Amino acid sequence: MCDEATPKCSYCQKKQVPCHRPKSQFDLAWRDQNAVATNAVQRRLNANDMTRRDQDANTGLVKREDQVPRVIPQDFDNYALNFFFGSYGRLAESCDRCGYLGCLYSVWTKTPPTSPLKPAVNAVALALLEAWSWSNPNSPQSLARPHYLQGIVAVRRRLQSGEDTGDDDLLATLILDMYDGIMSFCGARPHDGPHIAGSRALLENRQKHPCTTETSQRVLNAARSMIIRRALGQKDPVPETVLVGVTDVQDLQRTSESELEEIQFEVANLQASAARILATSDDKDTSALGILAQCNELDRRLMTWSSSIPPEWVPTCIWEPESIPQSVRNAGLYQRHCTVHRNIFIANMLNGHCCSRIRVHLTMLSCLGHLQNPIFELNRTTARKTMQDLVDTVCASVPYHLGDRVGPQRLDDKTVQYPRVGASSIADEHYSAAACFGGMFLGKRLAELLQPGLPLRNGQREWILGQMGRIKRIYLATAQN
């Protein structure tokens, strides 16, 4: 690795090879490798032999769709793009309900070098490869941050230009938000979502034009979903314009995800308005009863949604010892059972549904606190019990996300044990999908279960904290050093 010594780094002198490091961080941030990277990724994804060896004698790496280098490649930027699209991108394309990552590559290859999507993708690809190479993407020496800053500048220019918003512009804000999520995850700090304002402005512009392709629909849905999720987490209201694409654009296909987001949109606005109304109303009993009625209606709709999802989405609850390896039980099994899902993306969506119901019942509990009549005591007890059961449901998905991992392991490690249904085998995709997305998805959901005011039963909080510590040991043991 280059140690940045001058006039030549000691590593390159020892190996007797030319030193190709950038002259400065400015050079690194603004050099354009997009054309080279596009061609390389295209050749990689279209190749039939995914195990052909890298011809670079300096690294001797095996080119695989999920290979993490044991030695930092000389062309780190190009390798990072190959790694990102060959692992995260490939997994998203092979799974249903994967959001915008499944269509990212097709948009990325068609965008010009000046598009904000180019540096945004570079930033995420480098950050992920650094993390999986046991480097710290939060470090000042990270190669990802200059690309991230370049992406922010490019998005701002596009907003200021007044030009029509394309799919690449919206995707750029989503990818920049993904970068922030990676930094938050690796740095154990809150993910505040600074790109929400830009996403809202671009979304409003984009919704002025019909969505004529499936890709445009998926990008629009993903941008809307990010805005709603952030509003739910921060208890902020969501502008009505966010739902224009769902209610007014006739060629936008309605899906189970969009139906859930419509309800979550109302949940976000209800929890934001309820706190304000209960704090300022002179007639708190009447206000509380009105909000309580809205909560009951939203909870009914959320339950209806879960009963109408496709049958293949319904998780399988397993208890049998032969279906849950002992190593999985030892690593973290809440109660005596766990759930197995169709894929990691659907598992995350169903956990998000549980968290939305929890937010509705927290708002109910807040309203019931203003109603002193004893007849409401049963409602309070029911709300607490419902939330505890929903927490149990999220906790039951932990083994599916993490398997028996308790410490750092490689992304392509297929020795990890996972729960399975009966004698069925674990799908090859799940080994990589759980490694790539499981920790990030699960960490966010578990954090939601620790929000203030949630009446967890004895032992729930301690178990959740233990699993969050486990996620840190798996993913962050070296990243934080």
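Student: Which residue forms a salt bridge with arginine 380?

Tutor: Arginine 380 pairs with glutamate 377, their closest N and O atoms being 3.1 Å apart. This is a predicted model, in which local features need pLDDT of at least 70, side-chain atom pairs count only at pLDDT 80 or more, and totals for chains, interfaces and linings use all residues. Residues are numbered from 1 along each chain as its sequence is written, and side-chain values use heavy atoms, with hydrogens and water left out.

Student: Why is this contact called a salt bridge?

Tutor: The term requires a side-chain nitrogen of Lys or Arg within 4 Å of a carboxyl oxygen of Asp or Glu. The pair is 3.1 Å apart, so the term applies.

Student: Why is arginine 380 called buried?

Tutor: Buried means under 20% relative accessible area, exposed over 50%, and partly exposed in between (1.4 Å probe, protein chains only). Arginine 380 has 13% relative accessibility, so it counts as buried. Glutamate 377, at 38%, counts as partly exposed.

Student: What makes the salt bridge of arginine 158 and aspartate 169 a tie between separate parts?

Tutor: Their side chains meet at 2.6 Å, N to O. Arginine 158 lies in helix α7 (residues 145-161) and aspartate 169 in helix α8 (residues 167-187), so the pair ties together parts 11 residues apart in sequence. Helices here are DSSP runs (H or I, at least four residues), numbered from the N terminus.

Student: Is aspartate 169 buried or exposed?

Tutor: Aspartate 169 has 1% relative accessibility and therefore counts as buried.

Notes. Helix = DSSP H or I, 4+ residues; strand = E, 2+ residues; numbered from the N terminus.
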